[in-house]
Amino acid sequence: MEIVLAFAIGTLAGSGIYLLLRPRTFQVIMGLSLLGYAVNLFIFGMGRLQSGAPPVIDAVRGTDPALYTDAVPQALVLTAIVIGFATTALFLVVLLASRGLSGTDHVDGRETENP
Amino acid sequence: MNGWLQHLPILPVLLPLLAAALLLLSGEMRRGPRAAMALGATLAQLVVATVLLGMVDGRLNPAWPGDIAVYALGGWAPPFGIVLVVDRLAAVMLVLSAALALATLVYSLARWERAGAHYLPLFQFLLMGLNGAFLTGDLFNLFVFFEVLLAASYGLVLHGSGAARVKAGMHYIVVNLLASLFFLIAAALIYGVTGTLNMAELAQRVALLHGDERTLFDLGALLLGIVFLVKAAAWPLNFWLPGAYGTAAPPVAGVFAILTKVGVYGLLRFATLLQNVDAPAPFGGDWLFYCGLATIAVATVGVLAAQKLVRAAGFLVIVSSGTLLAAFGFTGTTLTGPALYYLVSSVLASGAFFMVIEMAERGRTASADLLAVSFEAFGLQAKEASSEHPDEMDGVAIPAAMAFLGLAFFSCALLLTGLPPFSGFVGKFALIAAAVAVPSETALLHAILFGAALLLSGLAGVVALSRLGIRVFWDTERPAPRLQWLEAGPTAVLVLLCMALAFGAGPAMDYFDATARSLYDTRAYADAVLPVAGTGTAE
C-alpha cells in the first residue's frame, strides 16, 4: 500500500511541477492543483497508513491506540483542502482578470517573441 | 477577579475578524461610519497590543502567572489544544504591526480606499493573520494564520486593479501558493516524526529523535526554513517582491513592509526554540549569514539599477531583510537585540517611505495614469469623480506641501540608508558594534564582511535615492502636489516614531536586548506552555 501511495504522490507532484513551470496561466493553475493533491496525500500518509481503522474511539473497540488511526493528519488535510480550494478559486479569478486585461494567457501578460 | 483580562491574548485575533465581518456586511453603508469602524478596530488593536506589551514586561500587573502569557483556546490543555503565546517578542511585533497599520489605514482613507472594493475588510483580515501569526504557539495554526494574511494580501495587492497590478499580483500569488504547499509538507513531516504540533513540545521532542527520524525532522525543518526565507524575501527567493510592492497601492505597500518581517519572525522563533538541538541550516549559522549577505548584495545592485522610486523602495525592503538574516546568522546571540531595534526602525521607515513616494510623485504622469486606469476599471468612480473630484481635492490642502514632502523624503532616506542622526543609523551602528565585539577568530572575518555589506548598501542607497529624488523634487514641469492632512499626518507620525526611537536609543536598546535574552530562554517558554509535562513525556 505504501509503494502505491508513494507512486501516486510522486506522479502527482512531478506532473504538478512540470505544469507549474509552463508559461500559460491555465497550465500553472493545473500544476498548482496537482501539487496540492500530492501534498494532501502526503499529509495523509504522515499519519501512517492503516486500513479499516477509524479515527474516533468507539465503545466496542476499546481504547487500544493500535486499533485506531491518527486523527490529527485527517483534520490537517481537511483544513489544507479547504484552504487550497479557496486559493485555487482566487487564482482562477486573477487568471481571468489577467486574460481580460492583457488579451493573452501568458503568465507575463505578453507573448514572448518566437521566431 | 481579573477574569476578563485573561482573555486579552485572543483579542488581537478576534477584533479584526469581527471588524472585517461587520465591514463586509455593511458594504452598502456610507463611507463615514465604515471608516470609523475600521479606525476604531485598528485603534483598539493598538491599545490591546500596548496593554499586552506592558503586562509581558512587568510594567502593568499581568493577568497571568509569570512573564509569558499562554492562552489555551477553548480551554484544551496545551500539548493537545492550540495555544496562543504572548512573550516579549510577540508583544513587540503586535504593537509594531498595529502602529504601522493605523498609520497606513488613516492614509488610505484619504483616497486610496476608494480605488477598489472591499479594501477595509481585507485590511482587517490582513491584521488578523499578522496578529495570529505572531501569537500562535502551534505549527499548523501558524500555517493557517499565514494563509489568512496571504489571502488578504492577494486581495490587497490587486487593490485598484489594472494590468500591471494583475501581472505582478499573479506572480506574487503563485510564489506564495507554492510556499504554502512547502509549509504543509514541512508541517506534515514534522508531525510525522515528532507526533506533536505544539512548538514548545516540539522543541523538547526533537532532542529524543535519532537516526532516520532525525533526518526526516531536519528535512521538514529545512522546508519550513525555506518557506520563511521566501516570506522574508531572501535571495534567491525574492524576485517576486519588487514587482508586487512596486505596483501595489501605496498604503498597501506601506503595510506590506511588515509582511517580510513575518518570515524573519518565524525564522527567529524556530531558531531560538531549536537552539539546543542543532537546528538545520536555514535557522542560523554560516549558511544563513551568507544568505543574508547575498540578499544585501543583490538588493543593493537592484537599488542602484531601479528607475522608479517605488522599485528602489522595494529593494530597500529586501536590503533590510538581508541585514536581519545576516545578523541572525552571525556567531553568538548578541546581535539579536540590535537586530530587533533595526527591524522596528526599518519597518516604520519603509512604511512611511512608500507613502511619501506616492505623495511626491503625485501629479507626475506615470502614477497619475495608473490611478486613472484603476478608477476606470472599477467603473464606480465616475459619479464620485464628478461630485467630489478624488483626484483633484477634497478637504483642505496643507500649505508648503513641497517643503513637507522634501523633509519627509529626506528623513526616510536617512532612516533607510542608515545615516545619522536617525534610528536607522543607531540600528546599523549597534549591529556593527555588536558584530565587532564577538570574540572569535572566524567572527572577525564575518564582522568585516557584515560591516562592509551594511556600509556599502547604505552608500548605494544614498546614491540611488539622491539620483531619483532629484528627478522628482527638482522637476519644474508640474504643479506642486496637493496634500491632505489625513495623508501627511500618518507619514509624519511614522517618521517621528523613528526619531523617538533614535532619541530614546539607550532605553530602547536595553529593552530589545532584554527581549532577545528572554527569547533565548527557551526553558521559560517551555515551562510556561507546558506546565505539567516539563520534559515532554506526555505519551
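Reply: In this predicted model, a polar atom of the Ser102(A) side chain sits 2.7 Å from the backbone oxygen of Ser98(A). Ser102(A) belongs to helix H3 of chain A. Helix H3 spans 71-102.

Now the interface. Chain A and chain B bury about 2400 Å² between them. Carbon and sulfur atoms account for 85% of that area. The contact draws 30 residues from chain A and 25 residues from chain B. How many salt bridges does the rule find across the interface of chain A and chain B? It finds zero. Polar contacts across the interface of chain A and chain B come to two residue pairs, both at pLDDT 80 or more. On the side of chain A that touches chain B, the elements giving two or more residues are helix H2 (25-45) and helix H3 (71-102). H3(A) gives the most, with 14 residues. By class, that side of chain A has 20 nonpolar, six polar and four charged residues.

Leu32(A) shows one such spot. Leu32(A) lies in helix H2 of chain A. Setting aside neighbours within four places in sequence, Leu32(A) contacts Leu20(A) in chain A and Leu177(B), Leu178(B) and Leu181(B) in chain B. Leu32(A) counts as buried because its relative accessible area is 9%, and the cut-off for buried is under 20%. Ala53(A) is 21 residues from Leu32(A) along the chain, with 31 Å between their C-alpha atoms.

Between H2 and H3 of chain A there is a loop that holds Arg48(A). Arg48(A) is not a glycine, yet its phi is positive, about 65 degrees. Most residues other than glycine have a negative phi, and most peptide bonds are trans. Arg48(A) counts as partly exposed, because its relative accessibility is 48%.

Ala233(B) counts as buried, because its relative accessibility is 0%. Pro236(B) is in the loop between helix H8 (211-231) and helix H9 (241-247) of chain B. The peptide bond from Trp235(B) to Pro236(B) is cis, with omega near 0 degrees. Another cis peptide bond joins Pro420(B) and Pro421(B), where omega is about 10 degrees. Pro421(B) is found in the loop between helix H17 (401-417) and helix H18 (423-437) of chain B.

Next, chain B as a whole. Chain B has 22 helices and two strands. Of its 539 residues, 62% count as buried. Among the chain B contacts with a separation of 6 or more, 81% are between residues 24 or more positions apart.

What about the core? The largest nonpolar core has 224 residues. Those with the most contacts inside it are Tyr172(B), Phe256(B), Phe353(B) and Phe450(B). Not counting residues up to four places away in sequence, Tyr172(B) touches Leu150(B), Ser153(B), Tyr154(B), Val157(B), Trp240(B), Ala244(B), Phe256(B) and Leu259(B).

Ser345(B) is in helix H14 (residues 336-361) of chain B. With a relative accessible area of 1%, Ser345(B) is buried. Beyond its neighbours within four places in sequence, Ser345(B) is in contact with Leu415(B), Ser423(B), Gly424(B), Cys498(B) and Leu501(B). Gly162(B) sits in the loop between helix H5 (139-157) and helix H6 (163-194) of chain B. Gly162(B) is buried as well, with a relative accessible area of 6%. From Gly162(B) to Pro33(B) the separation is 129 residues in sequence and 28 Å in space, C-alpha to C-alpha.

Definitions and conventions. Residues numbered from 1 in each chain as written. Chains lettered and ligands numbered in written order. Predicted model: local features only at pLDDT ≥ 70, side-chain atom pairs only at ≥ 80, totals over all residues. Heavy atoms only, no water. Helix = DSSP H or I, 4+ residues; strand = E, 2+ residues; numbered from the N terminus. Buried < 20%, exposed > 50% of the residue type's maximum accessible area, 1.4 Å probe, protein only. Contact = heavy atoms within 4.5 Å. Core = buried A, V, L, I, M, F, W, Y, C linked by side-chain atoms within 4.5 Å. Buried area = accessible area lost by both parts, 1.4 Å probe. Salt bridge = Lys/Arg side-chain N within 4 Å of Asp/Glu carboxyl O. Polar contact = N/O pair within 3.5 Å; in protein donor to acceptor, adjacent residues only side chain to side chain. Nonpolar A, V, L, I, M, F, W, Y, C, P; charged D, E, K, R; others polar.
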